Amino acid sequence: MSVAADASHRPPIVEIAGLRKSFGDNEVLKGIDLKIAPGEVVAIIGKSGSGKSTLLRCINGLETFQSGGLTVDGKALLHDSAAAMRALRQRVGMIFQSFNLFPHLTVGRNVMLAPTLVKKAGRGTAEAQARRLLDRVGLAEKFDAMPDQLSGGQQQRVAIARALAMEPAVLLCDEITSALDPELVGEVLRVVESLADEGMTLLMVTHEMAFARKVSDRVVFMHQGRVHEMGPPEALFGAPQTPELQQFLSSLHD
Amino acid sequence: MVDFSLWDILRNLILSARWTLVLSLIAFVGGGVVGAAFLVLRIWRPAVFDRPVGAYVQLFQGTPLLMQIFLSYFGLRLFGVQVSVWVSVSLALTLYTSAFLTEIWRGCVAAIPKGQWEASTSLALSFGEQLRHVILPQALRIAIPPTVGFVVQVIKGTALASVVGFVELTRAGNMIANVTYAPFTVFACVALTYFIMCYPISLYARHLERKLHVRGG
């Protein structure tokens with residue numbers, strides 16, 4: 001919690017202002033304003049279709065938006081500039097629900113690929129870094145394994161190591177435990193929690209309410225394309241103000 | 001009248017089969033290069049290139065190869081371009097092959113899950129790096145069986161080059177039949193020669209397909 005308190009005085013690492021996004025006639029984000037401080041851990045909750053994943057995907061340019069502004073590290077997101085997008089994406093890592101490891105590469109080379117191509121890291125440097133990161137997610141011995149030899153939880157931990165290899169300033173987590181068997185959720189969440197403890201800026205869309213409550217500094221409740229309610233986890237979960245959030249939280253206990 | 005032994009017939013057919021193989025090779029290499037270029041354009045800027053390339057594919061898939069060879073042979077002459085039969089036949093076969101290959105390969109690229117693009121995009125890889133290191137290595141694996149299978153179509157397709165006077169296997173068979181008065185024997189030998197060239201390739205394609213399914217399944 002202290003991290004967030006300090007953080008509010010520093011310039012935001014992600015700043016979203018008046019962001020609107022439509023798929024055809026369907027407006028899914030109806031003016032989002034959000035500032036994320038460095039080191040802050042933010043959980044985004046809400047019903048499916050509330051726009052939370054879309055918002056996350058706007059931050060690293062996987063989705064384009066029609067109006068509004070988005071800056072990461074003070075630099076504006078410019079969809080039309082390949083160089084600007086490449087620079088931005090080096091600052092923003094993303095982890096997906098379906099892991100999306102590269103199935104034709106070993107675990108080690110999955111982690112090494114982006115640093116060697118994008119950051120022009122030498123093979124030795126990249127390999128040492130990959131081994132260090134795999135060790136950190138508890139998979140040091142899997143360096144030469146192929147992704148399909150791993151369990152879902154292990155694959156997702158490799159995906160985390162792969163994202164960390166680019167040394168991002170912000171990590172986006174898009175429902176990263178939703179595709180996992182229940183017994184594998186814990187191992188992934190423990191890795192995410194350790195990242196939070198180390199001061200990584202995390203923005204996560206999640207259905208794991210207990211986890212959101214425990215780890216996050218701030219919870220954002222999205223409803224029908226808007227930030228409907230926002231605040232510290234104990235306030236949001238303990239004393240929800242709006243009927244929509246109350247209904248959403250009670251629906252989880254059914 | 002001279003007597004032709006079966007060996008005479010076969011020997012001459014086998015010699016002319018060289019040109020069938022050369023034509024097939026030209027068609028495959030030329031068509032592969034053009035088809036790959038179209039493929040890359042199509043996935044690089046779908047909004048711009050998808051329709052024109054799609055129309056190109058439809059045009060060459062929707063007209064007989066025979067007409068394409070005629071048009072390439074007589075059409076170029078009509079515009080005052082004097083080219084050898086080699087050039088016009090190679091051109092027609094290259095365009096025909098490229099249309100099929102680009103479509104086959106597009107299907108293979110489309111079969112790669114969207115998440116592979118998204119993951120490599122979010123790791124800041126450029127379009128070229130994504131293709132080279134993530135998408136194409138995976139697409140290539142599934143592309144090999146249908147591509148090898150299509151080679152058989154190309155080899156058989158080269159027979160149509162005979163209509164504009166290109167002496168390959170079929171044309172040679174025709175000429176030999178005219179002097180030996182033994183068309184059945186000769187064309188049976190021609191068919192057998194095509195079969196000997198195509199069957200191993202078909203077998204290989206099937207073998208590759210099985211291997212892929214075993215690994216993929």
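1. A word on the basis first. This is a predicted model, in which local features need pLDDT of at least 70 and side-chain atom pairs count only at pLDDT 80 or more, while totals for chains, interfaces and linings use all residues. Residues are numbered from 1 along each chain as its sequence is written, and chains are lettered from A and ligands numbered from 1 in the order in which they are written.

2. Chain A holds 10 helices and 10 strands (DSSP runs numbered from the N terminus: helices are H or I with at least four residues, strands are E with at least two). Its radius of gyration is 18 Å, close to the 18 Å from the globule rule for 254 residues, so chain A is as compact as a globular protein of that length. Here the radius is taken over C-alpha atoms, and the rule is 2.2 Å times the number of residues to the power 0.38. Along its principal axes, the C-alpha trace of chain A spans about 55 × 45 × 40 Å.

3. In chain A, 46% of the 254 residues count as buried (20 or more other C-beta atoms within 10 Å of the residue's own; exposed is 12 or fewer, partly exposed in between, with C-beta atoms placed from the backbone).

4. The sheet of chain A deserves a look: six strands form an open, mixed sheet in the order E6-E7-E8-E3-E9-E10. Its edge strands are E6 (92–95) and E10 (226–231) of chain A, each pairing on one side only. Pairing requires at least two DSSP bridges between two strands. Within the sheet, E3 (residues 41–46) and E9 (residues 218–223) of chain A run parallel and are joined by five bridges. Val42(A) stands opposite Arg218(A) in E9(A).

5. Tyr181(B), which follows H7(B), has a positive phi near 55°.

6. Lastly, the contact between the chains takes 17 residues from chain A and 15 residues from chain B (C-beta atoms, placed from the backbone, within 7 Å). On the side of chain A that touches chain B, H4(A) gives the most, with four residues.

Key. Two residues are in contact if their C-beta atoms, placed from the backbone, lie within 7 Å.
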